Amino acid sequence: MIEMTHHVALISRRSLIRTARQPGTWIPPLTFPLILMAVNSNGLRAATHLPGFPTHSFLAFFMPFAFMQGALFASGIAGTDLARDIDTGFLNRLALTPVRGGALLMGQIGGAVGLGAVQAVLYLGAALAAGVHIDAGPGGAALILLFAIGTAAGFGSLGLWLALRTGSGEGVQSMFPLLFFLLLISSMNLPRNLIEVTWFRDLATINPVSYLIEALRSLVIEGWNAEALLLGFGCMLALMAVSMVLAARQLRLRMTRT
Amino acid sequence: MSSRLEVALALAYRQTTVLLKNPSFFVPPMLFPLMNFVAFAGGLSRLHQVPGFGFPDGYTAFVFVFVLLQSAAFGGVFTGFAIARDFERGFARRLLVSAPHRSGIIIGYGLAAFVRWSMIAAVLTVVALVGHMQIGGDGIDLFGLYGLAVIFNQVGLLWACGVAMRLRSVQAAPLMQTPVFLALFLAPVYVPRALLQGWIHSVAALNPLTYLLEAGRGLISGRPDEVVLAFGVALLLLAAFAVWARTGLSRAERAGA
């Protein structure tokens, strides 16, 4: 167990350093969601005039979008880095060492999780500076950070599975529009009860990303909503678990093949 | 003139063939506007109930104009990625050596951008019609709308071409697309300009793309408004970015690509 923790720490450290050394990797996830949050929260402010809209601040309503977009970037970062390791043969060399598959996978998402933590602090700080009030108080703010990091880890694990499955960075990147589509067909822009088009509302209802967003949103605009938090944390943990299982299975297959 | 046209047609043919033979180059740019259209038209349609919205043909038509113009601009920008790739792989160097009239190179890339976007626009229009988009405008109005989009497609291409020929690397891709993306979203995307509040209202008033978007929405609803102004702005942008692209080509020539 101690040995495995040591292995996870070593691979995580490598992953973190690698991410930090590539500004092209971490600048877009830090800036792009903030820009979109600033633009869209103003462009869509008129939506707060709709009867039944839950808050007067569209920025507070829209804030979770930044966390989700940041988490999607995490999947790309973790996946692309692992794909590069496959491409350069690092993974094969690592397979000759006593490092276990589980340690390798957990370590590989270190960069994405580290960046996820920085992103979460930055997005939350920017929102607070722009006047967003967290209804759930400081405890809610801490939970937002925890939730954002967990979501980054979940999407990061999904990126690992994609990398192991496709074996190429291009393959991982080509899945990004699909993941982004999951974000678009969620309740990110309007609450589900205000979505007029039935098929879109149905898609948003079966889309787990809606519940991830709504959990974060509930802490900002409602306070402590047990149902939203349970659903959100449940989806986040399920995403992590399913992605890790898929990645572990794919890693075994890849190692067998080589 | 004829050799310039030959260079342009040959290059456009090559670019289109490469595009069609590589789904990974073609599919994502096709999916991007479609996804936006589905998300906006489906998820935000309640916005037409906001007091003062005042667009008669429904939210689908309102947002279609934005997505059409967005697809046009990105059709050009994605062709810019191909130009950068050509420089990275040495094809552009051989092209500069062999082309008798080098300005034909920009025209060729422009034609390729148009062909690429035409396919995207056709799919987008079919999807919008299947989604029961209401069109209030007549044939002439729609010709004007698509004409505006064609010009904007070339504006996007010329901007990206200028960047690609100056930096000659695919790593310049964010520099090609981010300003276009921002300029588009700083226009009245989701609601009419009158409903925008705060700083974005002031920025939208200064943003030239606002006039293209508003004229496009007037054309699709059959109530053309400030169309001459919009075409004037579009042609001005076209002229400015043509100079940007041509000076970029000169830079590439001086650098020996």
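Reply: First, a definition. Axes are lines fitted to C-alpha atoms, for helices over the stretch in contact, and angles run from 0 to 180 degrees between N-to-C directions. Keep in mind that this is a predicted model.

The part to look at is in chain B. Helix 3 (residues 58-88) of chain B packs against helix 7 (residues 173-185) of chain B. The angle is about 170 degrees. The axes lie 9 Å apart. Angles over 145 degrees count as roughly antiparallel, so helix 3 of chain B is roughly antiparallel to helix 7 of chain B.

Which residues make the contact? On helix 3 of chain B they are B:Q70, B:A73, B:V77, B:G80, B:F81 and B:A84. Helix 7 of chain B answers with B:A173, B:M176, B:Q177, B:V180 and B:L184. By class, this contact of helix 3 with helix 7 of chain B holds 8 nonpolar and 3 polar residues. No charged residue takes part in it.

How far can chain B be trusted? Its mean pLDDT is 91. Of its residues, 98% reach 70 or more. For the model, ipTM is 0.76 and pTM is 0.84.

Now a second pair in chain B. Helix 9 (residues 208-220) and helix 10 (residues 227-255) of chain B have axes that come within 8 Å. They cross at roughly 135 degrees. That angle makes helix 9 of chain B oblique to helix 10 of chain B. The crossing is left-handed. From helix 9 of chain B come B:P208, B:Y211, B:L212, B:A215, B:G218 and B:L219. From helix 10 of chain B come B:V227, B:L229, B:A230, B:V233, B:A234 and B:L237. This contact of helix 9 with helix 10 of chain B has 11 nonpolar residues, 1 polar and no charged.

Helix 3 (residues 58-88) of chain A packs with helix 6 (residues 110-129) of chain A at about 160 degrees. Their axes are 9 Å apart. Helix 3 of chain A is therefore roughly antiparallel to helix 6 of chain A. Their crossing is right-handed. Helix 3 of chain A brings A:L59, A:M63, A:A66, A:F67, A:G70, A:A71, A:A74, A:I77, A:A78 and A:D81. Facing them in helix 6 of chain A are A:G111, A:A112, A:L115, A:G116, A:Q119, A:A120, A:Y123 and A:A127. The contact of helix 3 with helix 6 of chain A counts 13 nonpolar, 4 polar and 1 charged residue.

Step back to chain A as a whole. It has 12 helices and 0 strands. Its radius of gyration is 19 Å, close to the 18 Å that the globule rule gives for 258 residues, so chain A is as compact as a globular protein of that length. Along the principal axes, its C-alpha atoms fill a box of roughly 60 × 35 × 35 Å.

Last, where the chains meet. In all, 24 residues of chain A are in contact with 28 residues of chain B. On the chain A side, helix 2 (23-43), helix 8 (169-174) and helix 9 (176-184) each supply at least two residues. Helix 2 of chain A gives the most, with 5 residues. The side of chain A that touches chain B divides into 16 nonpolar, 5 polar and 3 charged residues.

Terms used: Residues are numbered from 1 along each chain as its sequence is written. Chains are lettered from A and ligands numbered from 1 in the order in which they are written. This is a predicted model: local features need pLDDT of at least 70, side-chain atom pairs count only at pLDDT 80 or more; totals for chains, interfaces and linings use all residues. Two residues are in contact if their C-beta atoms, placed from the backbone, lie within 7 Å. Helices (H or I, at least four residues) and strands (E, at least two) are DSSP runs, numbered from the N terminus. Ala, Val, Leu, Ile, Met, Phe, Trp, Tyr, Cys and Pro count as nonpolar, Asp, Glu, Lys and Arg as charged, and the others, Gly among them, as polar. Angles under 35 degrees count as roughly parallel, over 145 as roughly antiparallel, 65 to 115 as roughly perpendicular and the rest as oblique. A crossing is left-handed if the near helix is turned anticlockwise from the far one by less than a right angle, and right-handed if clockwise. pLDDT is the predictor's confidence in each residue, from 0 to 100. The radius of gyration is taken over C-alpha atoms; the globule rule is 2.2 Å times the number of residues to the power 0.38.
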